[in-house]
Amino acid sequence: VVRGEKWMKLNQGDEYIRISGIVRGVDIDATNGIDSNKLANARITYGGKGAGANANEAGWLARFFINPFFPY
């Protein structure tokens with residue numbers, strides 16, 4: 001199992017990408033690298049902190065309507 005994370009400082013915040021998955025030992029090359037198409041059960045996550053990430057969050061009214069206690 002391998003896992004990696006990369007943080008990048010962009011315009012108005014920090015963003016990250018996380019990758020994890022399973023690799024076979026025979027697929028690792030001499031530079032300790034592996035092709036992305038040889039990563040099994042890949043899980044890729046993208047997110048961040050700052051103004052850019054906050055702009056993508058739902059507002060209070062949207063959160064109200066998608067609340068499981070909202071009857072309609």
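Student: Which residues make the nonpolar surface patch in this predicted model?

Tutor: The nonpolar surface patch is made by Met8, Leu10, Ile17, Ile19, Ile44 and Tyr46, and its area is about 550 Å². At least two residues of the nonpolar patch come from each of β1 (2–10), β2 (13–22) and β3 (40–50).

Student: Why does isoleucine 44 count as exposed?

Tutor: Isoleucine 44 is found in strand β3. Exposed means over 50% relative accessible area. The relative accessibility of isoleucine 44 is 60%, so isoleucine 44 counts as exposed.

Student: Why is glycine 48 called partly exposed?

Tutor: Glycine 48 is also found in strand β3. Buried requires a relative accessible area under 20% and exposed one over 50%, with partly exposed in between. Glycine 48 has 25%, and is therefore partly exposed.

Student: What separates the C-alpha atoms of glycine 48 and glutamate 15?

Tutor: A distance of 3.9 Å separates these C-alpha atoms, although glycine 48 and glutamate 15 are 33 residues apart along the chain.

Student: How much space lies in the largest pocket, and which residues are closest to its centre?

Tutor: The largest pocket holds about 230 Å³ of space. It is lined by 14 residues, of which Val2, Gly4, Ile19, Ser20 and Leu39 are the closest to its centre. The elements giving two or more residues to this lining are β1, β2 and β3, and β1 gives the most, with five residues.

Student: What classes of residue make up the lining of the largest pocket?

Tutor: The lining of the largest pocket has seven nonpolar, four charged and three polar residues.

Notes: Residues are numbered from 1 along each chain as its sequence is written. This is a predicted model: local features need pLDDT of at least 70, side-chain atom pairs count only at pLDDT 80 or more; totals for chains, interfaces and linings use all residues. Side-chain values use heavy atoms; hydrogens and water are left out. Patches are made of residues with over 30% relative accessible area and no salt bridge: like charges are joined within 9 Å, nonpolar side chains (Val, Leu, Ile, Met, Phe, Trp, Tyr) within 5 Å. Accessible areas come from the Shrake-Rupley method with a 1.4 Å probe; for residues, only the protein chains shown count as cover. A salt bridge is a side-chain nitrogen of Lys or Arg within 4 Å of a carboxyl oxygen of Asp or Glu. Helices (H or I, at least four residues) and strands (E, at least two) are DSSP runs, numbered from the N terminus. Buried means under 20% relative accessible area, exposed over 50%, partly exposed in between (1.4 Å probe, protein chains only). On a 1 Å grid over the protein atoms alone, a cavity is a set of points where a 1.4 Å probe fits but cannot get out, and a pocket is an open set with protein on both sides within 12 Å along at least five of seven lines; lining residues have an atom within 4 Å of a point. Grid points are joined across faces, edges and corners, and a volume is the space filled by probe spheres set on the points. Ala, Val, Leu, Ile, Met, Phe, Trp, Tyr, Cys and Pro count as nonpolar, Asp, Glu, Lys and Arg as charged, and the others, Gly among them, as polar.
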